[in-house]
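Visitor: I am new to this structure and would like to learn how to read it. Please take the features one by one.

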Amino acid sequence: MEEVGKFALKLERYRYNLIASISWVIFGSIFAVAVMALSALMLMGYNWSVVALLIPAGVVSLLVFHKVRRIVSPIDSKRWKREWIFFVLPFLVSYALIPQFLSLSDLQMSAYFSTVWYPSLGVAFLLVGLIIERKDEMLVTKTMLPAGVTTLTTSVPLALLCLNVRSYYDIIAVGLIATALMLSIYTACALYGFFKGYKALFH
């Protein structure tokens with residue numbers, strides 16, 4: 001019976017870590033769809049104000065993420081219920097506060113609004129990794145903190161590109177680069193979490 005109990009605990013931890021890795025794919029896919037739709041609308045002549053598409057994308061991503069996590073593995077759900085706060089705050093600061101202190105051209109400001117979601121995600125990952133994820137004993141792999149550090153590090157060259165935009169096509173290109181970076185980081189976190197979690201629990 002003791003062996004059965006240990007195996008059941010391992011299985012539940014595996015399920016928990018599995019959904020944690022899958023959540024990267026869910027969140028990244030929904031967000032990427034929004035960014036691609038934004039780029040298409042800008043090519044059609046709409047200005048950067050359609051960046052508001054990113055807001056419902058973020059909300060839908062969080063709702064789906066919490067729904068799946070609650071169904072598959074309800075353990076320790078109370079702690080993760082606060083996660084949305086740390087995802088909302090960086091975006092509020094980036095889109096509502098920081099622009100008040102910037103002195104940029106119209107094109108540069110457009111580039112800022114269409115790509116600042118990327119470093120905002122990096123800050124959110126750092127906050128969640130430091131405040132919530134590191135205390136989650138069910139997680140074998142802690143991917144939020146490395147994802148945050150990587151996102152913020154790669155935000156530096158992205159910011160330099162934003163300062164040198166010459167047309168709206170450049171803005172779209174920078175936005176697509178940010179999306180590619182985001183999907184690369186999300187995929188790496190998902191694969192690392194999946195394989196590392198399986199190896200740690202079943203080998």
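Guide: What follows goes from the overall fold to single residues. This is a predicted model, in which local features need pLDDT of at least 70 and side-chain atom pairs count only at pLDDT 80 or more, while totals for chains, interfaces and linings use all residues. Residues are numbered from 1 along each chain as its sequence is written, and side-chain values use heavy atoms, with hydrogens and water left out.

Visitor: What does the secondary structure of the protein come to?

Guide: Helices (H or I, at least four residues) and strands (E, at least two) are DSSP runs, numbered from the N terminus. Here there are eight helices and zero strands. Along the sequence the pattern reads α-α-α-α-α-α-α-α.

Visitor: How is burial read, and what percentage of the residues count as buried?

Guide: A residue is buried under 20% relative accessible area, exposed over 50%, and partly exposed in between, with a 1.4 Å probe and protein chains only. Of the 203 residues in this protein, 42% count as buried. As for the surface, accessible areas come from the Shrake-Rupley method with a 1.4 Å probe, and for residues only the protein chains shown count as cover. The protein exposes about 11,000 Å², and 71% of that comes from carbon and sulfur atoms.

Visitor: Which residues make the nonpolar surface patch?

Guide: Patches take residues with over 30% relative accessible area and no salt bridge; like charges are joined within 9 Å, and nonpolar side chains (Val, Leu, Ile, Met, Phe, Trp, Tyr) within 5 Å. A salt bridge is a side-chain nitrogen of Lys or Arg within 4 Å of a carboxyl oxygen of Asp or Glu. In this model Trp84, Ile85, Val88, Leu89 and Leu92 make a nonpolar patch of about 430 Å². Leu89 sits in helix α4 (residues 83-97). Leu89 counts as partly exposed because its relative accessible area is 43%.

Visitor: How many aromatic pairs does the structure hold?

Guide: Rings of Phe, Tyr and Trp (its six-membered ring) pair if their centres lie within 6.5 Å; planes under 30 degrees apart count as stacked, over 60 as edge-to-face and the rest as tilted. The structure holds eleven such pairs. One of them joins Trp24 and Tyr186 edge-to-face, at 5.1 Å centre to centre and 65 degrees between the planes. This pair links distant parts of the chain, with Trp24 in helix α1 (residues 2-43) and Tyr186 in helix α8 (residues 168-202), 162 residues apart. Trp24 is buried, at 5% relative accessibility, and Tyr186 is buried too, at 4%.

Visitor: Which residues is Leu43 in contact with, leaving aside neighbours within four places in sequence?

Guide: Contact means heavy atoms within 4.5 Å. On that reading, Leu43 is in contact with Tyr169 and Ile172. Leu43 and Tyr169 are 126 residues apart in sequence, yet 7.6 Å apart in space, C-alpha to C-alpha. Leu43 lies in helix α1 and counts as exposed, at 51% relative accessibility. Across the protein, 75% of contacts between residues at least 6 apart in sequence join residues at least 24 apart.

Visitor: Is Thr115 buried or exposed?

Guide: Thr115 counts as buried, because its relative accessibility is 4%. Thr115 is in helix α5 (residues 106-115). Setting aside neighbours within four places in sequence, Thr115 is in contact with Leu158, Cys162, Val174 and Gly175. A polar atom of the Thr115 side chain lies 2.6 Å from the backbone oxygen of Ala111.

Visitor: Which residues does Tyr112 touch, not counting those up to four places away in sequence?

Guide: Tyr112 touches Ser94, Ile98, Pro99, Leu102 and Leu104. Tyr112 lies in helix α5 and is buried, with a relative accessible area of 14%. Ser120, in helix α6 (residues 117-131), is buried at 1%. Under the same exclusion, Ser120 touches Pro90, Phe91 and Ser94.

Technical notes: A polar contact is a pair of N or O atoms within 3.5 Å; within protein, one must be able to donate a hydrogen and the other to accept it, and residues adjacent in sequence count only if both atoms are side-chain atoms.
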